[in-house]
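My notes follow in the order I checked them.

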Amino acid sequence: MQRMEQTTARGSTGGDREPGAGPPDPGLLTDGFTEADREKQRGLRRMKAVATGLLVFVAVVYALATWAKAAGAGPWAGYVAAAAEAGMVGALADWFAVTALFRHPLGVPIPHTAIIPTKKDQLGEALGDFVGENFLSERVIRDKLGSVRLAARAGAWLARPENADRVTAELATAVRGGLTVLHDADVQQVIGETITRRAEDVELSPPLGALLERTVSDGGHHKLVDFVCVKAHAWLIEHRDAVLTAIGDGAPGWTPRFVDRRVGDRVYRELLRFVTEMRDSPEHPARYALDRFLADFAQQLQHDPETRTRVERLKSELLHRPEVQELIATAWANLRAMILTAAEDENSPLRLRARDSLLSLGARLTADARLRAKIDGWVADAAVHVVSGYRKEITSLITDTVAAWDARHTSRKIELHIGRDLQFIRLNGTIIGALAGLVIHTVTRALGG
């Protein structure tokens, strides 16, 4: 019995950390046990001492009763000896059974002992299969989610203003945190590359030509032409001297100055008259000529290979200009600043709208049974899809984790958690064995044995 307790003591001390392992958990002691494990260890030792003490007690009783029976003390000594003998047998048998779960009894490698250390991997696989079949099946998941009534609970919770405020605040905090973690340079580079790559992958000419064709056919460009004519007329009126100077500078050097002025004045008046007539007359021939030009250009954009190639080349050059990339970067910086300002201000339109949307969603979920059923169905389908697709990975997490455990350390940890209760088996075995031995001896004597 002393060797048995020494074996138990050795199984509860010492470390099992492998060489090269990382730093120990601050909540663990140097041998891999926590303070809570230490408390369980003390309780286990007390229960072992009690069970072993009872075994020693019945052994002493058996020795004394046997001596008394041999000394002629009377029939009672036989009853006591029989009860004590059966108690010892029961105690030893249950000690062997309990000990065989965690180690070889007395260190002797008896077959089918040290079950947990030697069968650890098989137990992990069995546990993984059990979890997969009984907890990760489609029927179990749908039944569980159906009983939870997730949509109804979420709706009732979101319908309360204080909860909507809380969710809005948490979302604002998450947005601020996310934008703070992101590096502007990286985001700008990603956005720029994404926009550029997407624009280069899409041919611009056909959709642009189709848009221009619809615009011309609907007369949508007329307002733009009116606007250009008005601005051109105003510019000619305001910059008369500049126009005359430009015409005079382009005249030959041998012409007299007064001729240049007269020619320039005539050209200016004709140009002003042309623009004025075009502005005031929707039926002006120049407008019809512009309509035909735009219609022809729309067809070229859609069907002329040379025009399409030139437009694509122009698009590529434009996209890679530093000014365009800087515009993209500036757009991200402005958007980020706007979102941060809105997230930090409790009364910003963005946060108020988010809060109202959450309250509205909560009210709809509370009142609309069809919407609740639809959302519950979506959640169940999503959960079933994830579990069905990753059941093997989920169960392998259990089996791989158990397989990675040290067998001796695992056995000791399990013993700490259930070993104290198992000692009651030894106590019960001693008591029940003694009662059984007493009954058997009594029946034997009654039958004349």
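I took a salt bridge to be a side-chain nitrogen of Lys or Arg within 4 Å of a carboxyl oxygen of Asp or Glu. The model is a predicted one. By that rule I count 19 salt bridges.

Entry, helix H13. I found Glu 270 and Arg 273 joined by a salt bridge, 2.6 Å from N to O. Both sit in H13, 3 residues apart, about one turn of the helix. Glu 270 is partly exposed at 32% relative accessible area, and Arg 273 is partly exposed at 42%.

Entry, H13 to H12. Asp 265 and Arg 240 form a salt bridge of 2.8 Å, N to O. This pair links distant parts of the chain, with Asp 265 in helix H13 (residues 257-280) and Arg 240 in helix H12 (residues 240-249), 25 residues apart. Arg 240 is partly exposed, at 32%.

Entry, helix H14. Its 19 residues (285-303) should span 27 Å at 1.5 Å a residue, and the end C-alpha atoms are 27 Å apart, so the two agree. Which residues of H14 are buried? They are Ala 286, Arg 287, Leu 294, Ala 298, Leu 301 and Gln 302. These cover an arc of only 145° around the axis, so they lie on the same side of H14. Pro 285, Arg 292, Phe 293 and His 303 are exposed on the other side.

Entry, helix H19. I noted a kink of about 60° in H19 (residues 407-446), centred on Gly 419. Just after H19, Gly 448 has a positive phi of about 90°.

How values were computed. Residues numbered from 1 in each chain as written. Predicted model: local features only at pLDDT ≥ 70, side-chain atom pairs only at ≥ 80, totals over all residues. Heavy atoms only, no water. Bend = angle between axes of the 7 residues up to and from the residue. Helix = DSSP H or I, 4+ residues; strand = E, 2+ residues; numbered from the N terminus. Expected span 1.5 Å × (residues − 1). Buried < 20%, exposed > 50% of the residue type's maximum accessible area, 1.4 Å probe, protein only. Arc of directions from axis to C-beta.
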